[in-house]
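Please read them with the structure open.

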Amino acid sequence: MAIIAPSLLSANFLTLQKDCDMLNASVADWFHLDVMDGRFVPNISFGPMLVEFMSSATTKFCDVHLMIEEPERYAEAFKKAGADNLTVHLEACKHLHRNIQQIKSLGMQAGVAINPHTPVESLADVLGDIDLVCMMSVNPGFGGQTFIPRTLHKIEALRRMIDDNHLQVKIEIDGGVTLQNAPDIIKAGADVLVAGNTVFKSPDPTATIAALKAI
Ligand code: DX5
Ligand code: ZN
């Protein structure tokens, strides 16, 4: 059964408490928080302060996805804000191995995100050091985009790399996940489904989370 990680980026920020309560009462396993700096990605979202509010309002595993340059400057702040997993982008890190060590030494799980153009083979030399690969299935920066079909081949290839090396790394798929494409994504080998619009723009988010979980 896949881990379901609703992305709060698509929530209504005027009524965040309501959405956090909904998540707590749902079968969601994690909640996914998207931090954007307006430099690595064109959009700006929120920082450690809001992550702290949200992490203290939910009882679920706090999965923080940093779409920012120089993430080493903020790793400690996100640990203090309640992050259980901290994901950095391979394309944003000059010293990715060092970034991973920093996250682990702060006591968080470490994730590495890759953009749609980045081949999974680029992860070969860090795969043994991380807990999660966040595979972007849209170009990062905005919710509500369309899933890039080629991602399915990348999931299969990464699944083979992980299994051939007897690793426990989770494959998380982020962007454009719907009730329609989730079965194929899971079949290809994904462990974690991030879902923003599919959950929060649906008439009954709790039921949509349950439907994703049931796949
Ligand atoms: C996009 C973010 C995603 C986003 C997904 O840059 O990383 O986590 O919230 O939103 P949907 O599921 O609407 O594509
Ligand atoms: Zn994300």
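1. Helix H4. This is a predicted model. Start with helix H4, which covers residues 96-105. Its buried residues are Leu96, Asn99, Ile100 and Ile103. Viewed down the axis of H4, these residues fall within an arc of 100 degrees, so they line one face of the helix. The exposed residues Arg98 and Ser105 sit on the face of H4 turned away from that buried side.

2. What covers H4. Strand E4 (85-89) and strand E5 (109-114) are among the elements covering the buried residues of H4. Just after the helix comes Gly107, with a positive phi of about 90 degrees.

3. Gly111. Look next at strand E5, where Gly111 has its place. Is Gly111 buried or exposed? Its relative accessibility is 1%, and the cut-off for buried is under 20%, so Gly111 counts as buried. Leaving out residues up to four places away in sequence, Gly111 touches Asn85, Leu86, Thr87, Val88 and Leu132. Val169 is 58 residues from Gly111 in sequence, yet the two C-alpha atoms are 9.0 Å apart in space.

4. The largest core. The largest nonpolar core has 60 residues. Which residues have the most contacts inside it? They are Val64 and Leu158. Helix H5, residues 151-164, gives the most to this core, with 5 residues.

5. Leu158. Neighbours within four places in sequence are set aside here. Leu158 is then in contact with Val120, Leu123, Leu127, Val133, Met135 and Ile171. Another core lies apart from the largest one. This other core has 10 residues, including Ile3, Trp30, Leu132 and Met136. Leu132 has already come up, as one of the residues that Gly111 touches.

6. H1 against H2. Two packed helices are described by the angle between their axes and the distance between the axes. For helix H1 (residues 16-25) and helix H2 (residues 48-57), the axes come within 9 Å. They cross at roughly 40 degrees. H1 and H2 are therefore oblique to each other. The crossing of H1 past H2 is right-handed.

7. The H1 and H2 contacts. Which residues of H1 meet H2? They are Leu16, Gln17, Cys20 and Asn24. On the H2 side, the residues met are Leu50, Met54 and Ala57.

Technical notes
Residues numbered from 1 in each chain as written. Chains lettered and ligands numbered in written order. Predicted model: local features only at pLDDT ≥ 70, side-chain atom pairs only at ≥ 80, totals over all residues. Heavy atoms only, no water. Buried < 20%, exposed > 50% of the residue type's maximum accessible area, 1.4 Å probe, protein only. Helix = DSSP H or I, 4+ residues; strand = E, 2+ residues; numbered from the N terminus. Arc of directions from axis to C-beta. Contact = heavy atoms within 4.5 Å. Core = buried A, V, L, I, M, F, W, Y, C linked by side-chain atoms within 4.5 Å. Axes fitted to C-alpha atoms, helices over the stretch in contact; angles between N-to-C directions. Parallel < 35°, antiparallel > 145°, perpendicular 65-115°, else oblique. Left-handed = near helix turned anticlockwise from the far one by under 90°.
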